Amino acid sequence: MDRAVRRLEPWKIAVIVVSVIVALALIIGLITFLLCHDQDRYYNASFQITNVDYNPQYERQTTEEFRNLSEHIETMMSQVFRGSFLSKRYIRSHVVSLSEATTRGQVNSVLLRRLKAISTLLNVDQSTIKLTELNKEKGDNLLNNCCGIRSQTSSFTGVERITGGQHAREGEWPWQASIQLDGSHRCGASIISNTWLVTAAHCFRGVRDPRRWTASFGILLRPPKQKKLVRKIIVHERYGDVLLDHEYDVAVVELASPIEFTSDVHSVCLPEASHVFPDNSSCFVTGWGALENDGYSVNQLRQAEVRIISTAVCNRRQVYGGAITAGMLCAGYLDGQVDACQGDSGGPLVHANSRGIWYLVGIVSWGDECAKPNKPGVYTRVTYYRNWIHSKTGI
């Protein structure tokens with residue numbers, strides 16, 4: 001579509017800009033979720049927005065343009081439902097819970113009537129509103145193929161550590177993977193598509209034969225939800241097999257067969273290379289790592305809340321004394337207590353944006369033991385290596 005638009009004469013662009021926005025509506029249309037006789041039913045609503053110029057960046061879920069316009073649309077949908085008889089059933093713009101008696105016609109009438117009534121920056125062409133019922137399989141597939149969406153709301157409260165902290169629940173961190181050497185857990189990894197994982201390069205130090213590696217998915221190592229053979233391991237070309245060399249600590253893993261995406265197993269969103277995660281942002285790190293320094297991995301996934309620490313602070317003499325480079329970031333607390341540990345390497349550090357979509361901020365890389373004061377965890381900065389990841393995976 002982008003290429004087709006560029007071929008047009010400039011004077012024609014103004015004529016078609018309204019109609020092409022329907023592509024946007026198809027991408028980010030409202031998903032309505034209903035419960036009926038204990039079975040899920042889904043409705044997909046799409047419509048044209050007539051006062052927004054088309055932008056090719058809308059085709060990429062992870063761009064700022066997509067995020068900003070999506071936020072406007074979701075706010076509009078929130079106003080629609082909160083002002084209707086469905087208000088007490090409203091959860092969020094992605095999902096709405098409705099009673100058994102509610103019909104497609106009733107939902108459609110709410111959309112039509114309320115979109116006319118509310119004041120919004122977006123103009124919706126009423127004649128283009130289309131509500132389509134999807135069966136459970138299609139509805140599940142639609143949601144599960146959206147990166148960064150969780151089926152569970154985290155029950156996490158307070159600051160705890162992976163080393164002795166809280167277990168994760170099913171569906172809380174569906175992008176978490178375990179990569180295993182000769183059948184034993186070696187590192188964590190993150191699902192970025194149904195055939196690609198991203199992890200740390202140091203996980204493959206000395207052993208890069210893909211035939212010896214497998215990947216498993218789900219919150220338990222034994223038994224896993226799914227298990228896959230590895231086809232290819234690509235370690236960053238500039239990563240060196242030197243014990244203290246933490247630069248370029250990133251690798252991607254291609255699986256021999258696609259993952260079956262479900263509510264419990266699917267991908268995290270990759271940020272754009274230009275994205276900035278502010279200092280002190282709340283993030284979560286997850287993994288099956290040891291409960292104490294030099295300990296053993298656990299069987300059930302654990303989670304810890306940490307905060308991004310500025311590189312300037314992390315490079316202070318009493319912290320890491322200048323060892324943190326542009327391709328790294330620190331997360332944790334300077335008073336210690338909260339950290340990843342051995343066996344968490346390669347796993348995800350994630351942050352939720354204002355829409356509740358989770359992005360991969362970092363990859364567990366290194367640190368001075370586990371949870372020591374002034375020694376927070378150090379992560380590979382994903383935005384720094386975003387273009388490299390795309391060059392190897394196409395994602």
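A disulfide is here a pair of cysteine sulfur atoms within 2.5 Å. The model is a predicted one, in which local features need pLDDT of at least 70 and side-chain atom pairs count only at pLDDT 80 or more, while totals for chains, interfaces and linings use all residues. Residues are numbered from 1 along each chain as its sequence is written, and side-chain values use heavy atoms, with hydrogens and water left out.

In general, a disulfide is a covalent bond between the sulfur atoms of two cysteines. A search of the whole structure finds four of these links, and when the bonded cysteines are counted along the chain, the pattern is 1-4, 2-3, 5-6, 7-8. Helices (H or I, at least four residues) and strands (E, at least two) are DSSP runs, numbered from the N terminus, and burial is judged by relative accessible area, with buried meaning under 20%, exposed over 50% and partly exposed in between (1.4 Å probe, protein chains only).

One of the disulfides joins Cys341 to Cys370, with a sulfur-to-sulfur distance of 2.0 Å. This pair links distant parts of the chain, since Cys341 sits in the loop between strand 13 (328–332) and strand 14 (348–352) and Cys370 in the loop between strand 15 (358–366) and strand 16 (377–381), 29 residues apart. The link of Cys341 and Cys370 is right-handed, with 90° about the S-S bond, and both Cys341 and Cys370 are buried.

Another disulfide is formed by Cys147 and Cys269, whose sulfur atoms are 1.9 Å apart. Here too distant parts of the chain are linked: Cys147 belongs to the loop between helix 6 (136–144) and strand 4 (166–167), and Cys269 to the loop between strand 10 (251–255) and strand 11 (282–287), 122 residues apart. The torsion about the S-S bond of Cys147 and Cys269 is about 90°, so this disulfide is right-handed. Cys147 is buried, with a relative accessible area of 11%, and Cys269 counts as buried at 1% relative accessibility. What of Cys146, and how far is its sulfur from the closest cysteine sulfur? The distance is 7.5 Å, to Cys147, which is too far for a bond; Cys146 counts as partly exposed, at 22% relative accessibility.

Cys187 and Cys203 are also joined by a disulfide, S to S 2.1 Å. Cys187 lies in strand 6 (residues 184–191) and Cys203 in the loop between strand 7 (196–199) and strand 8 (213–217), so the pair ties together parts that are 16 residues apart in sequence. The torsion about the S-S bond of Cys187 and Cys203 is about -100°, so the disulfide is left-handed, and both cysteines are buried.

Strand 8 is itself mostly covered, with five of its five residues buried. Two strands are taken to pair if DSSP finds at least two bridges between them. Strand 8 runs antiparallel to strand 5 (residues 176–181), to which five bridges join it, and Trp213 is the bridge partner of Leu181. Four bridges join strand 8 to strand 9 (residues 226–235), again antiparallel, where Phe217 stands opposite Gln226.
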